[in-house]
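Here are a few notes on the charged pairs in this one. Have a look at the model alongside them.

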Amino acid sequence: MDPSEPPKQTPQKKKSSSRAVSAKPPELEAAKTQMVRDIRGEYVGPMSVEEFLEKFVPDQTGGATPPVDLEENKMFFAGVPTTANESLGSTWDSHLGLSKDHYRKREGTGSVQEKDMYEPIKNAIQRVLLNCIVVVTANHSDSLSDAEKKWRPDVSVYRGTPEPEPSLEEAPTQLDKAELLIEIKTTKVKAFGGDSSFIVTGKPAEEARGQIALALTEQMNRQWRTFVFFVLITDPSVYLIRADRTGLIVIPLAVQPSAAEERGMDPTVQLVTDPKDIALAKEKLLPHVSTRKQGRPVFTVQVPDTTKPREVLVWGSLYDAESLTGRCTRVFAAWDREAGKVQFLKDMWRTDTQGMEKESEILRTLNSASVEHVPTLVAGDDVPGTYHRTVTQEYTKPIPDWVKSEPDALDMRTHHRLLENFIPTLLEDFKDPKQFLQVLFDGFMGE
């Protein structure tokens, strides 16, 4: 950082994820309204299945094309009752080359509701995902989610071995363990595939897309992911959505990635299973973890640095991202074994454009110059690895011919993580007006 040059500014975009830590969390409907605004212009699609497979699914067949039973594919959802009327249902049958009423079971025009589709869709997906457990979760929220984030995905998919604890029978919705979330809508809701634009306009469509982003935001807050997949079924269409911290790519068909990293799981974070390490983390971090988050698991997190990663233990977060895309800063109290003390961990997705400096490098420069009133950097840098860079922006500058969703020109974001030597106190917790003014003054001096 050259002191003679003015610092570069992060491009501004109004995001709920950039609110102050002390801001009161929004209620459910307010959160949905905010999310609709946050993600407008950040859906990219439709991407073809062929391009999706080439870009995001490593070839594990040695170049051979696996056999595909087209007739079987046509009948995949044959046991699912449809919400379509007789005329529309017959049109689908004709399009697939099937006899009338063969494609979908229709129990009388208008008699089928969304909830009637849950169990049959779960059963159909379970037949394909043999190593997973597929559960209907539409009536169950996650008990460990904050009260204003009690999202209930219609169907959730978990890895089958071993089954999560607590059991899925006791707690069907566990957003810290779910591999895949599935949302189901009737023929009345159409989020994608409009006539003039791929993105359908109107309140029902926008609310559906906002609901998707809210569910994914909570899933990414509860898990350590570089990106995440989601399935949207809007009778009769099926869309696979790949979301990262820049935007969401929509593919009109679902496939199953294999390795954990290829499903968006962060390999630099691991679930702690050793009882001694769990007890240590909870003992040291208990003063910094709110009661409502004490049921969450303990993780080891690698913080990149100039020489080697520094490993810390974290429990419940101090603050989670409120938006799916953007900087999406999450902060934790972290037990640093090397220092033998609690430190402050920041996990974020920084804008990665020419001239933008890393927060860790800025702090290193300020610390080396003995600038007062700024945090002391313990460790920090960009997280290494292919999946720690967003890719959605690659399809917005320039926009390929297949993109019909009219996205904004999005910037790449890079996963950045740093460790500081103190736990901050909320500004609202000042003792008296003198301390409040002193804090503001010190902050301005540090800047």
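1. Asp320 and Lys293 are both buried (under 20% relative accessible area; exposed is over 50%, partly exposed in between, with a 1.4 Å probe and protein chains only). The two form a salt bridge (a side-chain nitrogen of Lys or Arg within 4 Å of a carboxyl oxygen of Asp or Glu), with 3.7 Å between the closest N and O atoms. Asp320 sits in the loop between strand 10 and strand 11, and Lys293 in the loop between helix 7 (275-285) and strand 9 (299-303), so the pair ties together parts 27 residues apart in sequence. Helices (H or I, at least four residues) and strands (E, at least two) are DSSP runs, numbered from the N terminus.

2. A caveat: this is a predicted model, where local features need pLDDT of at least 70 and side-chain atom pairs count only at pLDDT 80 or more, while totals for chains, interfaces and linings use all residues. Residues are numbered from 1 along each chain as its sequence is written, and side-chain values use heavy atoms, leaving out hydrogens and water.

3. Lys149 and Glu322 pair up too, in a salt bridge at 3.6 Å, N to O. Lys149 is in the loop between strand 2 (132-136) and strand 3 (155-159) and Glu322 in the loop between strand 10 (310-314) and strand 11 (330-336), so this pair joins parts 173 residues apart in sequence. Both Lys149 and Glu322 are buried.

4. Asp382 bridges to Arg350, closest N and O atoms 2.8 Å apart. Asp382 counts as buried at 11% relative accessibility, and Arg350 is buried at 7%.

5. The structure has 31 salt bridges. Asp142, Asp176, Lys177, Glu218 and Arg222 are linked in a network of them.
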